[in-house]
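Have the structure open while you read.

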Amino acid sequence: MEYKVEAHRIMSISLGKIYNSRVQRGGIKLHKNLLVSLVLRSARQVYLSDYYAGVCLNAQHIEAKEWELMDADREKLIPASERHVGAEDGRASRLQEKDGDSLDPSDVAVTSPVSPAISETQCGSSDCETDADAAVTEGDSRQPPKDHACSHRKRSAEETGVSETPVKRTKVTPNAIVANNEIEEGEEMDTSNVSNLITIFGSGFSGLLSKDSAKSESETDDSDSGSGQICCEQMLKNLNPWTTAIVAF
Amino acid sequence: MLSPVLCSELSALEPEYTEADVISTVEFSQSGEFLATGDKGGRVVIFQREPQGEYNVYSTFQSHDPEFDYLKSLEIEEKINKIRWLPQLHSALFLLTTNDKTIKLWKVSERDKQPEGYNLKDEEGRVKDISKITSLQVPVLRPMDLLVEASPRRVFSNAHAYHINSISINSDCETYLSADDLRINLWNLSITDRSFNIVDLKPDNMEDLTEVITVAEFHPHHCHLLAFSSSTGTTRLCDMRSRALCDQHAKLFEEAVDPASRSFFSELISSVSDVKFSHSGRYLLTRDYLSAKVWDLNMEKKPVETYQVHDYLRSKLCTLYESDCIFDKFECAWNGTDSVIMTGAYNNFFRMFDRASRRDVTLEASREVCKRRAVLRPRRVCIGRKRRESDICVDSLDFRKKVLHTAWHPTDNIIAIAARNNLYIFQDRHSPSGHHGVHRIEQETAPQLEDTPPQ
């Protein structure tokens, strides 16, 4: 359990570094930020592997509400970075991932302890990349085919998010362009950010916006230190442009 | 083993110093007669070795100024990242200096004669009244006080989209390479408006980026060979004869990582911070965060020697990550005969490893400890309680004091250690090449120095 705390702490620190790197003199340092993103990824893997180990035990006890509960848990436990980073674009692709999951759509995809990271990655690479472009260009036009309680929730999450999408995009794009030394990549930023974030962070965006994430976090009590959680959260509200700036660098 | 003695200490008079005074690179000239340092403020200071063996300030000039890239809204730091000397052919000195984006070739020359007896100007330079001139005279050269001038002869700019981390002059003395995070360019010293790209690690999709170039260097004898290291802990040797674009390496030096020792920071600490060819050209010295490795160019799969520089930090990586210390890039150096390697550490410590005897020593470069002509006492870092008075506990190490930049004289046992804004020059007590000077050298923080006559 302490590994999870440690991993979360390291993730918070890493996100803070990425955030601060933008205001450093001399521009963003590619080397340092690449290393920080590697640490972030390692910590995230540990964090999620611990998560899945814990979730497996819970899955056997709960019935119909399990999906929503799991969802809330998952949204809480998955680093807010992914939530937030994926907020504008990952959300839609996350929908696709959940719905397109070849495993049992209700719980197993979430609760399966078997290689969760791998399943995520597979989902990410196969579904999200193909759908990311469409999702981005169409905005909120993607509707999940399954009429599921979760999907409804997701849809609502997406809709609330869409209104923020233009705002986030404007925040992201100039920053990413500024951080990006290659100007021609500016146009591809949005789609590339999504697939990149998915591959680097192993997909798994739950597609929450700040509102939803704040709500779900407040209703759960995690073993993580509260201050670390809040700190992470606050950092991540501002994170979106920075993370996408890094990966698009 | 060496017994270093302090022969010159050049440090700020004031205990307070500005960030701009922090030394960012140190390099001996190819003969060892001159030593150049660059700092974060973009200044270069050149020291010359006196006949008695001491190094005194020879010239100071502002090499780079802060710039602003309007297109990308980025400030370009003036910090001097690297200095490399050209071989000295005649009385003038030539050196390359670089910041993040621009490389400059400087000529440093002496002037000790000036023409006197102009017809149209008088002694103070005022134009004479033409009507008063009755006869013509030929100006003659008369001795004057020594004046050392530095002038930029070439400016190599706009070739790097990312931050330049290394420059290296080829053994052919006509070309040199410059390396940034993703690319290595080959330049001709005389041509500033174009360069050839020889290594390009930039992926088509920047999101697939997995490694960056950290250091690059030309082989000391073979003008077609270059080595570059990456953030993934690999060092590649490239042969420019085999192909024009050296993305495919000729050799790849990488040691397999023990999976048992994996942690969050394994990838971080394997990133290579410095690469140096041995003088013989047979070996490569690489420095990563915790160790220094000697590689034989003929064996790629593992180094021939590994030296743990400060392995006691392995359990403190998380703290070092928080404080950003884990990103410190330590340099390393060979001695003239390739028998000893040297590298820096924290708490103003620097370490030397004798390759043959496997003995090593830890020394400290600080004003409190270094007395002129006193032999430095070896230090020891202990993990538990101190066994000796000179021991220092790991938790007492000052991580703000780091020796990142070190240089070894090309032939003699003289080393230059940079600790923040201070430069220490140590000489081996038993070195036959000189005795120790008496007077103390101070370097003021203000650019005006006594040794440089005013213009």
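## The interface

Chain B puts 34 residues into the contact (heavy atoms within 4.5 Å) and chain A puts in 36. Together they bury about 3200 Å², 59% of it on carbon and sulfur atoms; buried area is the accessible area (1.4 Å probe) that two parts lose on being put together, summed over both. On the chain B side, B:Glu207, B:Phe264 and B:Tyr321 lose the most area to chain A, together 25% of what that side buries.

This is a predicted model: local features need pLDDT of at least 70, side-chain atom pairs count only at pLDDT 80 or more, and totals for chains, interfaces and linings use all residues. Residues are numbered from 1 along each chain as its sequence is written, chains are lettered from A and ligands numbered from 1 in the order in which they are written, and side-chain values use heavy atoms, leaving out hydrogens and water.

## Salt bridges across the chains

Seven salt bridges (a side-chain nitrogen of Lys or Arg within 4 Å of a carboxyl oxygen of Asp or Glu) cross between chain B and chain A. A:Arg25 pairs with B:Glu78 at 2.7 Å, N to O, and also with B:Glu75, at 3.1 Å. A:Arg25, A:Lys29, B:Glu75, B:Glu77 and B:Glu78 are linked in a salt-bridge network.

## Within chain B

B:Arg351 and B:Asp360 form a salt bridge too, with their closest N and O atoms 2.5 Å apart. B:Arg351 counts as buried at 12% relative accessibility, while B:Asp360, at 40%, is partly exposed (buried is under 20% relative accessible area, exposed over 50%, partly exposed in between; 1.4 Å probe, protein chains only).
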